[in-house]
Amino acid sequence: MSKRVVITGMGVVTPLGNDVDQYWNNLKEGVCGITMIESFDTSDYEVKIAGEVKDFDPSKFLDRKEAKRVDRFSQFAIVAAGEALEMSGIEVTDENADDIGVIIGCGIGGLGTIEQEKEKLLKKGPKFVSPMMIPKIITNMAAGNVAIKFGLKGVSTCIVTACASATNSIGEAFRAVAYGSNSVIVAGGAESSIVPLGLAGFTSLTALSTSRDPKNASKPFDKNRDGFVMGEGAGMLVLEELEHAKARGAKIYGEVVGYGNTTDAYHITSPAPGGVGAAKAMQKAIKDAGIEPGDIGYINAHGTSTPYNDKFETEAIKSVFGDLAYKIPVSSTKSMTGHLLGAAGAVEAIACIKTLQDGFIHPTIAYSEADPECDLDYVPNVGRQADVKFALSNSLGFGGHNATLVFKKFED
């Protein structure tokens, strides 16, 4: 029989703040974290806006030498994981380290380091390429570096499913804890791809908004949406077996009760028409939770602000919930953070947990004109109080990856 899995810690690094309280308060107030790009010159770029992390200081968990030896996405992961472990109050010891694991997703890895080292290769030659390049860029190193930093010796896995990476990571951690492979797992995602090559690549793919107005660029479900806005950061959860958490007197913030994942097998970037794969992922997660569709009180949508994603996700929600779809509030965190790619599902999971805790649903901002094909309640521009018992979170990734989590308000 599977065990109950609860959340005992959370940590974030986001364009809306680098701790959970600041992040959540800004979400509630509808603050936009998207700005003109400041980290490099965008004069030659069609796209000039992104959700960059500001005022990031890794020194709480990494000294200067340690920080230089890891890519920015790993720095984000370590800081968010450190915050989550501190919130959980768990003490890692020689006795329990083997029972604490790490599952951290990442979509792209150390793209900034690749750029820097390629420049050295072209300008100075192969002998000047850093010996740390490979350990810095590979996507598994967020998980590896978190495990090394905090001495976590249980399962250690990296899941790469593009923009579904973090949600899949939390889902697989949920299953691992539920079936007893580890009592505690740090799970989430990290990403740092707002660099010249990343911006150019997504622009060439015609995936990004070309708006020059940062506050009105990421507008999920709005009729005039024209693409997503790149974001960066990390989100981490401490997932823990309920009896283990209670035995040490841990504070419990919420419960993971369902997980579903599917693939479209349709197209490398576009969701399947009608959102059929996403619908199946939601159905599986709801069934896994042992509840009915009508029990869901809030949906945190993938909601990227691209024409196809928002239309097909809306259709997927309708196919799962029928007429009830019009009664369930749906909002997109990405309207404020931009799209954190492989980290998106983790910061959105935290938004769901805070919704359950606080009884408040954050808005979808920059919503000004309704789209007849997107006709659900998207909580436009202003958040609202709501007593939510079950919240559902969707993530959809390039390659056709669909992942859904169901969270429950904790009741002993």
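**Pockets, cavity and cysteines of the predicted model**

Two or more residues of the lining of the second largest pocket come from each of α11, β13 (390-397) and β14 (401-408), where helices (H or I, at least four residues) and strands (E, at least two) are DSSP runs numbered from the N terminus. The model is predicted, and local features need pLDDT of at least 70, side-chain atom pairs count only at pLDDT 80 or more, and totals for chains, interfaces and linings use all residues. Residues are numbered from 1 along each chain as its sequence is written, and side-chain values use heavy atoms, with hydrogens and water left out.

On a 1 Å grid over the protein atoms alone, a pocket is an open set of points with protein on both sides within 12 Å along at least five of seven lines, a cavity is a set where a 1.4 Å probe fits but cannot get out, and lining residues have an atom within 4 Å of a point. The second largest pocket has 25 lining residues, with T269, S270, P271, T306 and F398 nearest its centre. Its largest share, three residues, is supplied by α11.

P271 also lines the largest cavity, as do N309, F312 and E313, among others. Both α10 (276-289) and α11 (307-321) contribute at least two residues to that cavity lining.

The search for disulfides (pairs of cysteine sulfur atoms within 2.5 Å) returned zero across the whole structure. For C158, the nearest cysteine sulfur belongs to C106, 6.4 Å away. The sulfur of C374 is too far for a bond because the closest cysteine sulfur, in C163, is 18 Å away.
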